[in-house]
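Morning, everyone. Here is a quick tour of one structure. Have a look at it first.

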Amino acid sequence: MHDGPADALPADHRALTLEDAQLPVVDLGPLADGSAEGIVTVAASLGAAARTSGFFYIVNHGVPQELVDGVMAASKDFHGRSRRFKMRNWCGFSTHHRGYVPFEENGSKFPKRINFNEAWDMGFEAPADHPDFLAGWRMTGPNVWPEIPGWKETVSAYYEAVFALGLRMLDCLAFELGVDRDELRAQCTCPTSQLRLLRYVPNDMPKSTDYVGIDSHSDFECFTILHTGGPGLQVMNADDQWVEAPPIPGAFVVNIGDIFEAWSGGRYKSTQHRVLNQGTERFSCPLFFGLNYHAVVQPLETFRTAEALERYPPFKAGDHLMRMTIGGFRYMSDAHAKGELVPDFEVPEANPFKREAKPIGGEAAPEAAPARG
Ligand SMILES: O=C(O)CCC(=O)C(=O)O
Ligand SMILES: [Fe+2]
C-alpha cells in the first residue's frame with residue numbers, strides 16, 4: 001500500500017459534494033398514468049435539467065426495485081466466477097461487442113494508464129440475419145449469454161424495463177424540443193443501445209490521473225440511465241466543475257449523451273464524467289440509450305442553423321459509437337491495426353464532444369482518452 005502523500009487526492013480529482021452543488025432530481029411520477037399532461041410536466045423538468053447540468057437523478061421512474069436488485073445480483077454472480085468461465089464469452093469472439101470485457105481490454109494507454117474495471121456487455125437483441133450483424137463491427141446482432149440458469153431472463157427483464165423507460169423519456173425530450181416523437185422513435189427500432197454490467201476491480205494503487213475507475217468521458221448515445229452501487233462517480237455540472245454523484249436509493253442517475261447535444265444544436269449538454277479509483281469493489285450498470293446504427297444525427301430541423309451544422313456536422317449514430325470505442329477496447333484496436341476492422345469513417349484522437357473541467361482549487365485536468373473500458 002502507498003502511504004502518506006501518494007494517497008492524497010490529486011488536485012484534478014477534487015470535486016464539489018452534493019451539498020455544495022445540487023444536481024437536479026426529476027420526478028417521473030406524472031408519467032405513470034400515460035396522460036398527455038404527465039408528458040408536459042415531466043418534459044419541462046427534464047428539459048431544465050438537460051439544458052443546465054446535463055446530469056440529474058430521476059425518481060419514481062417506474063422500474064421495480066426487484067429488477068434493479070436482480071440485475072445487480074446477476075452481475076455479482078457472473079463477476080464472482082472464474083476467469084476461465086468468464087472468458088468463454090470473451091467479447092473478442094464477437095464482431096458486434098457482446099459478452100465479457102476483461103480488465104485487459106482497457107484503453108489504448110494501458111498499462112501506463114489503467115481503468116480498473118471489467119464488464120459484461122449486452123444490447124438490443126437483433127436477429128442473426130440482420131444485415132448489420134452480417135456486415136460485422138456494427139454493434140448490432142444477437143446477444144450471447146453465460147451458462148447460468150435464469151441469468152439471461154433476469155438481465156433481459158432489466159434491459160427491457162429500462163429501455164421502455166428510455167422510450168418514455170425520449171418522448172418527453174422530443175416534446176420539450178418541439179419535435180415529433182415518432183420522428184425520434186423511428187430511429188430506435190433496432191438500436192445500438194448497450195447495457196453494461198460493470199465491476200470495478202479492487203486494487204492497491206492510488207487514486208491518480210493514471211489509475212482510474214473509468215477515465216473522464218461523455219457517453220456517445222442519446223442519454224444514459226445508470227444504477228450505481230457505490231460512491232466514486234463524479235460528473236461535470238453546468239459550470240464545468242466536478243461534482244460527486246453518490247447513489248441515492250431508488251433513483252437512477254441520468255446523463256445527456258452526445259446525440260442529444262447534436263440534435264439540440266448544443267442546447268442540451270453531453271456531460272463529462274468519470275469514476276475515481278476507489279480501490280474497492282464497486283458495481284454499476286449503465287444503459288446507453290442509442291439509435292439504429294445508420295440513423296444520421298445532426299441538429300433537428302428547428303435548430304439546423306449554419307452555425308449549428310458547422311459545430312455538429314452529420315454523423316451516423318453507429319459510426320460515432322464505433323469511432324469512440326475502437327481505442328477503448330484492445331481487441332478492437334488490434335482488429336483495426338491488423339486490417340480486420342476497416343472503418344469507412346474517420347477515427348479522431350479525441351471525442352469532438354469533449355469539454356474540459358474548471359479546476360476546483362488546483363491545476364486543470366490533463367487530457368483523457370475517449371474511454372469506454
Ligand atoms: O460506473 C459508473 O458510475 C459510470 C460508468 C460510466 O460512465 C460508463 O460506463 O460510461
Ligand atoms: Fe459514461
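Predicted model: local features only at pLDDT ≥ 70, side-chain atom pairs only at ≥ 80, totals over all residues.

Now helix 5 itself. It covers residues 151-177.

Next, its partner. Helix 1 covers residues 36-51. The axes of helix 1 and helix 5 come within 8 Å and cross at roughly 80 degrees. Angles of 65 to 115 degrees count as roughly perpendicular, so helix 1 is roughly perpendicular to helix 5.

Who meets whom? On the helix 1 side, the residues include Ile39, Val42 and Leu46. On the helix 5 side, they include Met169, Leu173 and Phe175. The residues of this contact divide into 10 nonpolar, 1 polar and 2 charged.

On to the core. The largest nonpolar core has 88 residues. Among the members that touch the most others are Leu46, Leu173 and Val253. Helix 5 gives the most to this core, with 11 residues. Take Val253: beyond four places in sequence, its contacts include Phe55, Tyr57 and Leu233.

Last stop, Val68, in helix 2. Is Val68 buried, exposed or partly exposed? Val68 has 18 C-beta neighbours inside 10 Å, so it counts as partly exposed. Leaving aside neighbours within four places in sequence, Val68 is in contact with Val63 and His227.

Conventions:
Residues numbered from 1 in each chain as written. Chains lettered and ligands numbered in written order. Axes fitted to C-alpha atoms, helices over the stretch in contact; angles between N-to-C directions. Helix = DSSP H or I, 4+ residues; strand = E, 2+ residues; numbered from the N terminus. Parallel < 35°, antiparallel > 145°, perpendicular 65-115°, else oblique. Contact = placed C-beta atoms within 7 Å. Nonpolar A, V, L, I, M, F, W, Y, C, P; charged D, E, K, R; others polar. Core = buried A, V, L, I, M, F, W, Y, C linked by C-beta atoms within 7 Å. Buried ≥ 20, exposed ≤ 12 C-beta atoms within 10 Å, placed from the backbone.
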